[in-house]
Amino acid sequence: MIDHMIKNYLSKGIFLTGISALQAGTISLVPLTDDASSGISTGNTYTHAISGGNSATVNGVVFESLTSGLTPANFNWDTGADGKNQIPANNGDWNPTAGGVTGPGIQSLLSGFTYSGSGANLPSSQTYSLTGLNVGSTYDTRLYIRVWDTDGSGRPLDLSFTHGAESDSGGTVPEDRPSLALGGGNDQQAYYVNYQFTAQAEQLDITAAVSASGGANSGSAHMYALSNQLIVPEPSSIILLSFGLLGILRRRRF
């Protein structure tokens, strides 16, 4: 009976709720170089894999296209009263080779983007909503970024991640200044913002707001690509958590 109950708890992801739900999500910035080191793999489970402006494939993982007229399933792009625009393939000022980005898949993934042409000023923002998440499951959400314009404000954006009652700030991210985000002096680098969290609701809202630090007409968010990967716990962790649940159930029984 107890074994059956433990299997029931594990199948519903309750072991994650009990361990991780009390912790806020963690945010990190990670450089992107070649396809092999990107971490993108068909061995991972993705709830969402989306490419702004045009579809792309990296290491066999297909990123669906997001445009003003095409929205992938379980996803929403909200610009409020501002417009929706896309550029399917244009590197702008980005020189991937100079930034050490040699992977053809990553180069293709970052070649196009969506943006809001009329949403370049305060208080404009864009919200990307991922639906169909499993409450209690842990995910890595990534926003993939590279430079578009080496002049101008640097396109600073205030990022936030909200699911249920939890809201975590990603601070101000200068999209067009990877050197400020990653350190060093190379603005031709590419990187991703990684948000790891345990879902408190079935929907994650990612808001990218025009930052006050950018000044007038600093530019709206460029969404080059986004992925959401389910994090599966190691088998050893599941065994340890099983023993913990077993102890709890036994104490309740006696």
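How many cavities of 30 Å³ or more does the count come to? In this predicted model, the count comes to two.

Seven strands form an open sheet, in the order 1-12-9-14-2-4-3 and with mixed pairing. Strand 1 (26-32) and strand 3 (56-58) are the edge strands, each of which pairs on one side only. From one strand to the next, the twist averages 25°. Strands of a sheet pair through backbone hydrogen bonds, in either a parallel or an antiparallel manner. Strand 1 runs antiparallel to strand 12 (residues 190-198), and seven bridges join the two. Within this pairing, Val30 has Tyr192 of strand 12 opposite to it.

Strand 9 is mostly covered, with nine of its nine residues buried. This burial applies to both faces of strand 9. On one side lie Thr138, Asp140, Arg142, Tyr144 and Arg146, and on the other Tyr139, Thr141, Leu143 and Ile145, all of them buried.

Strand 9 also takes part in the lining of the largest cavity, to which it gives the largest share, three residues. This cavity holds about 90 Å³ of space. Its lining comprises 14 residues, and those nearest its centre are Leu143, Ile145, Glu175, His222 and Met223. In terms of class, the lining of the largest cavity consists of 12 nonpolar residues, one polar and one charged.

The second largest cavity contains about 40 Å³ of space. Asp82, Ser116, Gly119, Ser124, Ser125, Gln126, Ala208, Val210, Ser220 and Ala221 form its lining. At least two of the residues in this lining are supplied by each of strand 8 (125-130) and strand 13 (204-210). By class, the lining of the second largest cavity has three nonpolar residues, six polar and one charged.

A pair of aromatic rings is described by the distance of the centres and the angle of the planes. Nine aromatic pairs are found in a search of the whole structure. In the pair of Phe113 and Tyr115, the ring centres are 5.7 Å apart and the planes stand at 55°, so the pair is tilted. Phe113 is buried, its relative accessible area being 1%, whereas Tyr115 counts as partly exposed at 23% relative accessibility. Phe113 also pairs with Trp148: the centres of these rings lie 5.0 Å apart and their planes at 65°, so this pair is edge-to-face. Distant parts of the chain are linked by the pair, with Phe113 in strand 7 (residues 113-115) and Trp148 in the loop between strand 9 and strand 10, 35 residues apart. Ring pairs join Phe113, Tyr115, Trp148 and Tyr224 into a cluster.

Key:
Residues are numbered from 1 along each chain as its sequence is written. This is a predicted model: local features need pLDDT of at least 70, side-chain atom pairs count only at pLDDT 80 or more; totals for chains, interfaces and linings use all residues. Side-chain values use heavy atoms; hydrogens and water are left out. Two strands pair if DSSP finds at least two bridges between them. Helices (H or I, at least four residues) and strands (E, at least two) are DSSP runs, numbered from the N terminus. Axes are lines fitted to C-alpha atoms, for helices over the stretch in contact, and angles run from 0 to 180 degrees between N-to-C directions. On a 1 Å grid over the protein atoms alone, a cavity is a set of points where a 1.4 Å probe fits but cannot get out, and a pocket is an open set with protein on both sides within 12 Å along at least five of seven lines; lining residues have an atom within 4 Å of a point. Grid points are joined across faces, edges and corners, and a volume is the space filled by probe spheres set on the points. Ala, Val, Leu, Ile, Met, Phe, Trp, Tyr, Cys and Pro count as nonpolar, Asp, Glu, Lys and Arg as charged, and the others, Gly among them, as polar. Rings of Phe, Tyr and Trp (its six-membered ring) pair if their centres lie within 6.5 Å; planes under 30 degrees apart count as stacked, over 60 as edge-to-face and the rest as tilted. Buried means under 20% relative accessible area, exposed over 50%, partly exposed in between (1.4 Å probe, protein chains only).
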